[in-house]
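Notebook open, viewer open. I'm jotting things down as I look them up.

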Amino acid sequence: MPPDAEEEPRVFRAGGVSYLRIPAANPRETAAFYEAVFGWQVDSNRDDPSFEDSTGHVIGHFVTELPVAGAAGIRPYVYVAEVEATLGEAVARGAEIVDAPYPEGDLRVATFRDPAGNVVGVWERVG
């Protein structure tokens with residue numbers, strides 16, 4: 001790998017999901033929720049706070065101009081170390097569980113509605 005390739009931001013991956021626009025009536029509040037629940041890096045010094053996920057592979061913004069996704073549309077699933085702990089943190093910060101944790105092969109999966117109303121999935125490997 002050329003030396004410059006290591007310095008290339010990790011979001012530039014052909015075919016990889018790398019950017020999300022997350023709808024929110026109150027973008028700063030929603031950004032703080034994702035920062036606390038998932039440990040994302042958030043820049044709230046703007047009207048549409050930006051974020052980078054914990055891996056550096058996904059970036060995006062919290063925006064007001066899109067309708068909240070709710071249960072419709074594409075649903076992101078975030079890999080976490082512990083589904084139950086993540087759900088506990090999310091609920092403590094205003095989320096509502098939609099689908100309680102359930103097994104899916106060697107995975108444990110759940111969904112919740114964030115305080116803005118978007119439905120998000122979380123999953124972990126248990127095997």
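Predicted model: local features only at pLDDT ≥ 70, side-chain atom pairs only at ≥ 80, totals over all residues.

How much space lies in the largest pocket? I get about 670 Å³. A pocket here is an open set of points on a 1 Å grid over the protein atoms alone, where a 1.4 Å probe fits and protein lies on both sides within 12 Å along at least five of seven lines. Points are joined across faces, edges and corners, and the volume is the space filled by probe spheres set on them.

Residues are numbered from 1 along each chain as its sequence is written, and side-chain values use heavy atoms, with hydrogens and water left out.

**The lining.** I found 24 residues lining the largest pocket, and Leu20, Trp40, Pro76, Tyr77 and Val78 are the closest to its centre. A lining residue has an atom within 4 Å of a point. I sorted the lining into 18 nonpolar, three polar and three charged residues. Nonpolar covers Ala, Val, Leu, Ile, Met, Phe, Trp, Tyr, Cys and Pro; charged covers Asp, Glu, Lys and Arg; the others, Gly among them, are polar.

Which elements supply at least two lining residues each? They are β1 (19–23), α2 (27–38), β5 (77–79) and β8 (119–125). The largest share, four residues, comes from β1.

**Leucine 20.** I picked this one out next, and it sits in strand β1. (Buried is under 20% relative accessible area, exposed over 50%, partly exposed in between, with a 1.4 Å probe and protein chains only.) Skipping neighbours within four places in sequence, I listed its contacts as Phe51, Val58, Ile59, Gly60 and His61. Contact means heavy atoms within 4.5 Å. Phenylalanine 51 is 31 residues away along the chain, yet the two C-alpha atoms are separated by 9.3 Å.

**The whole protein.** I counted three helices and eight strands, in the order α-β-α-β-β-β-β-α-β-β-β. These are DSSP runs numbered from the N terminus: helices are H or I with at least four residues, strands E with at least two. Of the 127 residues, 34% count as buried. Among contacts with a separation of 6 or more, 53% join residues 24 or more positions apart. Last entry: the C-alpha atoms fill a box of roughly 45 × 40 × 25 Å along the principal axes.
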